[in-house]
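The exercises below concern the confidence, content and division of a structure. Work through each one before reading its solution.

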Amino acid sequence: MAESSDPTLYTRRAKRGTGANAVEGVCMITRSRVKWQPSDRSKGEAAVIDIGAITRTQQAPGKPFIKLDTAVGALVLGFESVADRDDAVDLLRQLKPPAGGAGSAAGSGGGSAGGKGASPGAGGGKGAAPTAGGKLLLPSDTQRAALFKADPDLGTLYKSLVVAGILGEAEFWSTRQGLLRGGGGGGGGGVRKQRVGLPSAMLADVKPSADGQTEKVHFQLTPEIIQQIFTERPEVHRAFLAHVPHNLDEKAFWTRYFKQQYRRMARRRRQGLPMDGGDDEDEDELFAPFRKSLQEQERQRAKAEVGRVDPTVNLAADAGEHFASGGFGSARDGTRDPAAALRSTHLGAIARDINRHAAVVLGGAPDALDRLREGSTGGAGGGAAAADTARIAAALAEQQTAAAKAAAARAAKGKAPVGGAAAAGQGEAEEVSPERLAEWQTRAASALDDLRLDDRESSYMPLNIQDPRAYFDAGTGAAAAAAATGADGKLAAKQADGSTAAAAAAIPSAAGTAAAAGAGALADGGTSALLAALAAVQPAALPNPPCDPGLAEQVLLELCQDQDASLVQEFGPVAAAALQYPPHDKAHGLLDMLIEHFRGEALKANELLRHFWGNLPLVSAARAERANKLACALQEQRAILVPHMRHPAGEGTSHQVYTTMMLRPLVAAIDAALARHQAEQQQRRKAPP
Amino acid sequence: MRFQLEGLTVYFPYEFIYPEQYQYMLELKHALDAKGHCLLEMPTGTGKTITLLSLITSYQLAHPEVGKLIYCTRTVPEMEKVLAELKELMQYRQRYFEESGGAPPILALGLSSRKNLCIHPKVMEEGSRESVDAGCMRLTAPWVRERAQNDADIETCGFFEGLDGAGPDGRLDPGVYTLHDLRVMGRKRQWCPYFLARHMIAYANVVVYNYQYMIDPKVSQMVSREMERECVVVFDEAHNIDNVCIEALSVNLRQQALDSAGRNIATLRREIERVKETDAGRLKAEYQRLLSGLQAQGALEEEDTQRWLANPALPEDVLREAVPGNIRRAEHFLAFLQRFLAFLRQRLAVTQVQNDTPASFLQALQETVQIEGKTLRFCYDRLTSLIKTLEITASDDFGGLHAVADFATLVGTYSRGFAIITEPYDDRLPSVPDPVIQLSCLDASLAMRPIFSKFQTVVITSGTLSPIDLYPRILNFNPVCIASLNMTLTRDCLCPVVLTRGGDQLPVSTKFDMRSDPQVIRNYGRMLVDLAATVPDGIVCFFVSYLYMDTIVSRWNDMGILQELMQHKLVFIETQDVVETTLALDNFRRACDCGRGAVFFSVARGKVAEGIDFDRHYGRCVVMFGVPYQYTLSRILRARLEYLRETFQIRENDYLAFDAVRQAAQCVGRVIRSKADYGLMVFADKRYQRHDKRDKLPAWITQHLKDSHLNLSTDMLLCIAREFMRSMAQPYDRSAVGRTLLSEAAVNALDTAAPPAAPAAAGGASAAPMQTD
């Protein structure tokens, strides 16, 4: 085997399997595989698993076992100690190919300084959109401290932006709502977990399988099915909790349950049309009392829920408009169904089951089962089933009481502000949030959307790249210079307007410096060959290849050799980088402290930019004002960054090249934002609101 | 947009308008100008509601002499929708009045029963409408409040007292109030929302309420009596209006009702004895009042708070004369009721079906218990007066006696247009004895007559009124405008298809002899499973009846089809329990919103088919399983058909097919709410292929029904569905859609181009200067 390219990282003694018939052996973990070899080849076969193929890893708390699930089967290993096991688990976790780019959003520091900077928590939190609740959460002091501790960058950012007064508290946290929400539950920077959905299939309706020879039928139950039965038929759940294992063992319980189900099904099928309506009498006395007690609860719950339903589907309100007693109207005009009342108990059951199932599926998987799955050990073996069911039942019960408590708390809270008069009633106090009301209103009134002027189109700027070269060079100094001349032209008009004069005045100066920097860089290389090369480029009709290859080579040589001979000698690849070849190691040769500084500045600038773009388009005065403030801050930021790009050691030194490489995208982004701001303001002035 | 329509400034809350909406406004304006009634059909999905609201509120603005807009809807959800659109309109209109200091204030509100408006913590918990009414009355009846002033132990309603205490301040500010808004307002100010709304109707510019508040004389006399003649009454979604009218004037009496009536009489007798001992003067005073006629002397003038249902007969039919001597005294009246009840009991004990006209019934009554028709006529008002005199508040306990008195009054009043049918059991369930006496109204025009004569403009409108000439006949009125408008479309966002065969090429139908055939059921099921796999988001299915739906769902369950269906989408089912259905609908919407997709099973003629929209992603496909015929053996239906044939020369089969097809069209129309919306409409029954059915479909469906789509099997249907879904899901070209939209400029140009007298030809809108963005 190709062991040479795949070194073994971990070797420990481990038994395969559990209990008495476990086989002694050795477990080895390489970069891509988990291998187990028996010490005695006669006793067992070696096993090899690709780490990528492992679907789930389970470990028993306190026991040195690990279970690796794959599509083909599971491998259960028992180590000598828990510590060994934990080492293996850690290693596996590292080696496992990442499922989602949890931390990918984090690296924002202008592409510099390695990926370890921002904590994965921050990255995950940014992805989460502000939830529908819409209320802005602000962290408490302790919460904030915890967050800063977990993510020091956040702390510095907070200090440099909020404490410095550039951003408001609410603005700062509004983009980090996910962090706060998740943190509330998990206590400290925990990322909120996405809830698991349920399959739509109706598992609870187990179909029997007959072997064809005997009269027996068999029902198969899995933990998923059991769980679904428990959630969809709460009376079964209650009965299970009450009777198993004190009065009945589990098998007997399920036998009774399925007997009842089977009887019902057989009857329905036999009659085709269940007209006799005597359904309730074959109700097993095991479930009946629970069903009765639950019915009332269900009704209460349904009533409360109906209050929160969109009024345009609220048929229950419509029923309140009609007389319940049958005296008025005609009784048998053919539109009414005479057998409905009889059937409602019996066949309605299917409809009720289906509706209930759909509601449960929509509710999502209860967390209880999830936790169960994580916590459960694979090693329990054959006796697991009974314990599993009990555990499922218990976990569900626990979850339900917790939910009920939460609901009660909510009801109490809802009741409190209403005061004395409503206190007597249920907590029905119109607990519909204004957001939902607004949603209903727009949903009901937005049917004819095509009659509306589609102003979505006008709110975006079309992406129209006429000159790709100019567009992609826009980040460079040359483009900034071009923009600056444009901005200069506009300046005269701007300064007349006193209100934004300060902001406007800042822009041309900054742009001017950028232009100077860019032009300077170019001017230095202004030898005859370069000029000739530039002259050869006709932007309107670029030939392919765009310029004479021979000429290009000449330019390269000239730049690399003649311009700064020492530079090329010392940093061949860096010079190439200056010619826009992708650099291999951007940070080479810069001081760590400087990089750290740049990272901080970049984080800050990115945060500012995010808020700035969040305020566009400037449709209201408030937004315009905020954008102005942010633009000023960006100006300052730019002023901090630009001097770094001109190093005192002089143009063309390695230091300067690296710094420029690192900071240019950021500065370009700032420039783009400022240019846009300028344009927006112009537009705003032109078209009075 | 704001535009001129023959000199009228119309405010319309969108930047564009469909040509048919413009045309609709023109028709409506002509009717308003002519102060006459009108009948308008406009396809579903063209924004009827907002067009109506926009034109009439603009008309009110320009012509202050026009009264309120009374907008009648069939269901509460529809009422909420109308109010939401009105809110939007009012908000939009505001921008045109900014320089002149805000738009003229307008008050619009929805009115519903106490059950929906009550906020009293105990009373609102009551189960039915009747019990909430009674619970309210127990706390707010004048004698209760009078007693409460001396006795602190007697409970009154804080909200009602709050409103009463506010006096003239107890009013609503201008604005648009939904039921929810009213309740919130009530809680905030501690005012009773129900009485506040009732009180504010007099000052409102727009009132939205249920049909029955206008049509049902029992209710409308309490609510709509004071409305002025200049009001504009609109019946939206009025394709079923004849059925509503008939329901309003029909009564049925079961054994249970008669028993309860018997108990009520005993209670009244006890009460009379008690009052005689304590306060005999009260009864004497009542006698004096009755001597000079019921209404003339104000015996029935009562405060809002203790209104019982009003007289079931129509106002002009209630005689203004003295109550006959033999029922003036309370004891005599009770004896009279007792005798009448005995007669009904005897009638109910039949073993065969008995058909009577009012005349023959009265004759039998005269012969058996010597009661004459004229006395019966006063029965209801006499009962109300007695109950009032005895100060009884438990109105819900007196349902039985009320029904009996209703019955008596109606029989005594009308000699034509009614049938009295006594059946010992339902034909569909011959084994279950369930005798019932049914007084069935056969003539829809009876209930509409006073409305047409009282109000100067009545607008009857719906998406499906074809054949449109039928309605003036069965409702017996002369509209000044009748119009059936077409839909202009740039893209075929409707795709009606007729499925005649299943996957195995066997015909599918819900014809009686085929509907329980397992092969048909399986074919239907397979088709639905395949559609669920093809069509994104929501699918709605309509079945011909609850019975059929229950059967087919159960069979699908046994066949495993339901389980297969659930692999693709979640399933929700309408049940007879409204609360459950409401939650199912809400969950259905959530399932569609979150992208999981769902199927909703519903019933034609059911509550969902009547009032719930499945627009946009809530309904990308609708399947009508079968032709929703009424139960044609019903005797009431037979009697009605006979009456229609004799009076209006409408053939029975025509009427039945017409009725079935309008229900089907109504069902499939649920999925289209605008032209940007799209939906596949599957008529799954081979009978739709026939001409007599197809002819009765409204034009907006037939014009999209291609010949190649008339005889499909399941696999062909799937091809079409795939094709349709794919092409419709593309972002549509707005400039192409623009051709069927008129901008403000185009509308104004249209108006100046056309001479004011002749309606502008909006049908030929493509010729007019069109807007493209």
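pLDDT is the predictor's confidence in each residue, on a scale from 0 to 100. The model shown is predicted.

**Exercise 1.** Find which elements of chain A have the lowest and the highest mean pLDDT.

Solution. Start with the chain as a whole: chain A averages a pLDDT of 68, and 59% of its residues score at least 70. Next, go through the elements of chain A. The lowest mean pLDDT, 35, belongs to helix α2 of chain A, residues 120-127. The highest, 86, belongs to helix α8 of chain A, residues 234-243.

Then turn to stretches with pLDDT below 50. Residues 273-281 of chain A form one of them; beyond near neighbours in sequence, this stretch has 20 contacts in the model. In residues 414-429 of chain A the pLDDT is also below 50, and 15 contacts beyond near neighbours in sequence are found for that stretch.

**Exercise 2.** Into which domains is chain B divided, and how far apart are the C-alpha centres of domain 1 and domain 2 of chain B?

Solution. The division of chain B gives domain 1 (113-195), domain 2 (251-425) and domain 3 (494-728). Between the C-alpha centres of domain 1 of chain B and domain 2 of chain B the distance is 30 Å.

How values were computed. Residues are numbered from 1 along each chain as its sequence is written. Chains are lettered from A and ligands numbered from 1 in the order in which they are written. This is a predicted model: local features need pLDDT of at least 70, side-chain atom pairs count only at pLDDT 80 or more; totals for chains, interfaces and linings use all residues. Side-chain values use heavy atoms; hydrogens and water are left out. Domain bounds come from an automatic or database domain assignment. Helices (H or I, at least four residues) and strands (E, at least two) are DSSP runs, numbered from the N terminus. Contact means heavy atoms within 4.5 Å.
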